[in-house]
Amino acid sequence: MFKKWFGKQPPKEETIVAPLSGTIVPLEDVPDPVFAQKMMGDGIAIDPTDGDVVAPVDGEIIQLFPTKHAIGLRSEAGVELLIHVGIDTVSMNGEGFTAYVKAGDRVKRGERLLSVDFSLVREKAKSAVTPIIITNGDALESLEKKAEASATKGETILLHVQTK
């Protein structure tokens, strides 16, 4: 009861910034039907220009795939995000990927999560385009995509969401 009165309530709004620098790509244009048809959730994608992947929100790492090609986060507002680095990168088995975090770590917006050798990704995988997906869209009241052409990691606002 006292926690309800005095406990910190999670924010109802969340601003999600770019985890990578590069060109913003509509999710519908991602060269993979699972992402393009929003089977995993709605979001946006970036065709990266450098190899650092940073936290798009303050929150917790809930999953780091063993191949380091994808990372899941939960924001302080409860928004669950998947950053899937490139398309068909799971087949690289972690080659070209370096992780700086692990599941359970708390991160701040802009903190480095991964380094990626995108020249190797472009050589060995289908695409370097990186989807940023909200995987718990049912928890959202609204999702607003910002109309930008390019993104600067840790700075450019990609999405603004309100949770229920």
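**Salt bridges**

I started with the salt bridges, taking a side-chain nitrogen of Lys or Arg within 4 Å of a carboxyl oxygen of Asp or Glu. The count came to 13. Before going further I noted that this is a predicted model, where local features need pLDDT of at least 70, side-chain atom pairs count only at pLDDT 80 or more, and totals for chains, interfaces and linings use all residues. I also noted that residues are numbered from 1 along each chain as its sequence is written, and that side-chain values use heavy atoms, with hydrogens and water left out.

I looked up Lys38 and found a salt bridge to Glu28, with the closest N and O atoms 2.9 Å apart. Lys38 is in the loop between α2 and β3 and Glu28 is in the loop between β2 (22-25) and α2, so this pair ties together parts ten residues apart in sequence. For the element names I went by DSSP runs numbered from the N terminus: helices are H or I with at least four residues, strands are E with at least two.

Next I checked cover, calling a residue buried under 20% relative accessible area, exposed over 50% and partly exposed in between (1.4 Å probe, protein chains only). Lys38 is partly exposed at 32%, and Glu28 is partly exposed at 44%. I also see these two in a network of salt bridges that links Glu28, Lys38, Asp42 and Lys145.

Then I went to Arg106, which forms a salt bridge with Glu76; the closest N and O atoms are 3.7 Å apart. This pair links distant parts of the chain, with Arg106 in strand β9 and Glu76 in the loop between β6 and β7, 30 residues apart. Arg106 is exposed, at 52% relative accessible area, while Glu76 is partly exposed at 34%.

My last pair was Glu95 and Lys124, whose closest N and O atoms are 3.0 Å apart in their salt bridge. Glu95 lies in the loop between β7 and β8 and Lys124 in helix α3 (residues 118-124), so the pair ties together parts 29 residues apart in sequence. I have Glu95 down as partly exposed at 37% and Lys124 as partly exposed at 41%.

**The sheet**

What order do the eight strands of the open sheet take? I read it as β9-β5-β6-β7-β11-β3-β2-β13, with antiparallel pairing. β9 (106-107) and β13 (150-151) stand at the edges with a single partner strand each, so one side of each has no neighbour in the sheet. I counted two strands as paired if DSSP finds at least two bridges between them. As a reminder to myself, strands of a sheet pair through backbone hydrogen bonds, either parallel or antiparallel.

The hairpin of β5 and β6 has five residues between the strands, and in it Lys68 takes a positive phi near 65°.

β6 also pairs with β7 (residues 80-84), again antiparallel and over five bridges. Here I found Ala70 opposite His84 in β7. The hairpin of β6 and β7 has four residues between the strands, with Gly78 at a positive phi near 90°.

**Loops, a patch and a ring**

Is Gly94, at 13% relative accessibility, buried or exposed? I put Gly94 down as buried, in the loop between β7 and β8 (97-99). Its C-alpha is 24 Å from that of Arg109, and the two residues are 15 apart along the chain.

I then looked up Met40, in the loop between α2 (33-36) and β3 (42-48). Met40 is partly exposed at 36%. With Val34 and Met39, Met40 makes a nonpolar surface patch of about 260 Å². I took accessible areas from the Shrake-Rupley method with a 1.4 Å probe; for residues, only the protein chains shown count as cover. Patch residues have over 30% relative accessible area and no salt bridge, with like charges joined within 9 Å and nonpolar side chains (Val, Leu, Ile, Met, Phe, Trp, Tyr) within 5 Å.

Finally I checked the rings. The charged end of Arg112 sits over the ring of Tyr100, 3.9 Å from its centre; the rule asks for NZ of Lys or CZ of Arg within 6 Å of the ring centre and within 35 degrees of the ring normal.
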